[in-house]
Amino acid sequence: MRSVPTWALVSSGCAPVSLIMGWLVAASLQGPPYDPAAQTISVLAAPGNQGSWVMTAAFVALGFCHLLTAWGLRPAATAGRVALAAGGVAALAVAVFPAPSSGGSLGHGSVAAVGFAVLAAWPVLAARAGTAVPWALRPFPSLGATAVMAVGAAWFLVELHLHGVAGVAERAVTTLQSVWPFVVVLSCLRGPLREGAPN
């Protein structure tokens with residue numbers, strides 16, 4: 001039997017908490033100059049900002065949470081676990097290559113784009129077929145999660161291009177991407193793969 005360790009529930013649960021608390025605290029430290037509806041989360045981690053250390057720490061915590069969850073999520077297909085781990089590495093890279101205080105950055109933009117892509121893809125890559133598979137790892141819910149995340153990422157890119165509510169769009173998609181691993185782990189703990197289930 002492939003079981004999920006209970007600590008994976010902690011690591012997956014801490015991911016959205018770290019991310020959301022990070023941007024809330026960092027935004028409060030930054031104060032009125034920061035517009036959470038229009039500006040991205042990465043702006044909060046830009047060097048020189050009041051709450052940059054908080055947001056950077058949140059990215060680091062998020063990255064380690066995804067890495068630990070990927071390690072413990074044994075019922076998931078290997079490709080999905082690798083993609084989730086890659087998302088964790090991308091979060092760590094975002095902390096290493098922060099957005100500049102003004103203008104764009106190819107390094108930061110690249111690692112952020114990779115992070116969005118692999119975290120959107122991991123649910124469908126983690127899917128397995130079979131009645132013994134936990135519901136959140138079955139093809140239909142996994143494909144649905146990937147589709148919603150992909151639409152959210154596209155919305156974010158559109159808002160970013162139009163200088164609209166990019167902050168709102170980014171928070172929506174990153175919240176979903178950080179919560180889904182917790183949902184998957186919870187479904188595995190409630191209905192783990194039985195002996196004889198397909199690998």
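Helix H6, in this predicted model, runs over residues 139-162, which makes 24 residues in all. From its first C-alpha to its last it reaches 34 Å, close to the 34 Å expected at 1.5 Å a residue. Several of its residues are tucked away: Ser142, Ala145, Thr146, Met149, Gly152, Ala153, Phe156 and Glu159 are buried. An α-helix has 3.6 residues a turn, so residues three or four places apart point the same way. Just after H6 comes His163, whose phi is positive, at about 55 degrees.

Helix H4 gives a second example. It spans residues 78-96, has 19 residues, and reaches 27 Å from its first C-alpha to its last, again set against an expected 27 Å at 1.5 Å a residue. The buried residues of H4 are Gly80, Ala83, Leu84, Gly87, Gly88, Ala90, Ala91, Leu92, Ala93, Val94 and Ala95. As for what they touch, these buried residues pack against helix H3 (52-72), H5 and H7.

Next, the open space in the model. The largest pocket has a volume of about 870 Å³. It is lined by 41 residues, and the closest to its centre are Ser42, His108, Ala112, Phe156 and Glu170. One of these, Phe156, has already turned up among the buried residues of H6. H5 gives the largest share, with eight residues. Sorted by class, the lining has 21 nonpolar and 18 polar residues, plus two charged ones.

Finally, the cysteines. A search of the whole structure turns up zero disulfides. Cys14 is in no disulfide, and the nearest cysteine sulfur, that of Cys65, sits 5.2 Å away, whereas a disulfide calls for sulfur atoms within 2.5 Å. Cys14 counts as partly exposed, because its relative accessibility is 33%. What about Cys188: how far is its sulfur from the closest cysteine sulfur? The distance is 17 Å, to Cys65, so the two are too far apart for a bond. Cys188 counts as buried, because its relative accessible area is 2%, and the cut-off for buried is under 20%.

How values were computed:
Residues are numbered from 1 along each chain as its sequence is written. This is a predicted model: local features need pLDDT of at least 70, side-chain atom pairs count only at pLDDT 80 or more; totals for chains, interfaces and linings use all residues. Side-chain values use heavy atoms; hydrogens and water are left out. Helices (H or I, at least four residues) and strands (E, at least two) are DSSP runs, numbered from the N terminus. The expected span of a helix is 1.5 Å times one less than its number of residues. Buried means under 20% relative accessible area, exposed over 50%, partly exposed in between (1.4 Å probe, protein chains only). Contact means heavy atoms within 4.5 Å. On a 1 Å grid over the protein atoms alone, a cavity is a set of points where a 1.4 Å probe fits but cannot get out, and a pocket is an open set with protein on both sides within 12 Å along at least five of seven lines; lining residues have an atom within 4 Å of a point. Grid points are joined across faces, edges and corners, and a volume is the space filled by probe spheres set on the points. Ala, Val, Leu, Ile, Met, Phe, Trp, Tyr, Cys and Pro count as nonpolar, Asp, Glu, Lys and Arg as charged, and the others, Gly among them, as polar.
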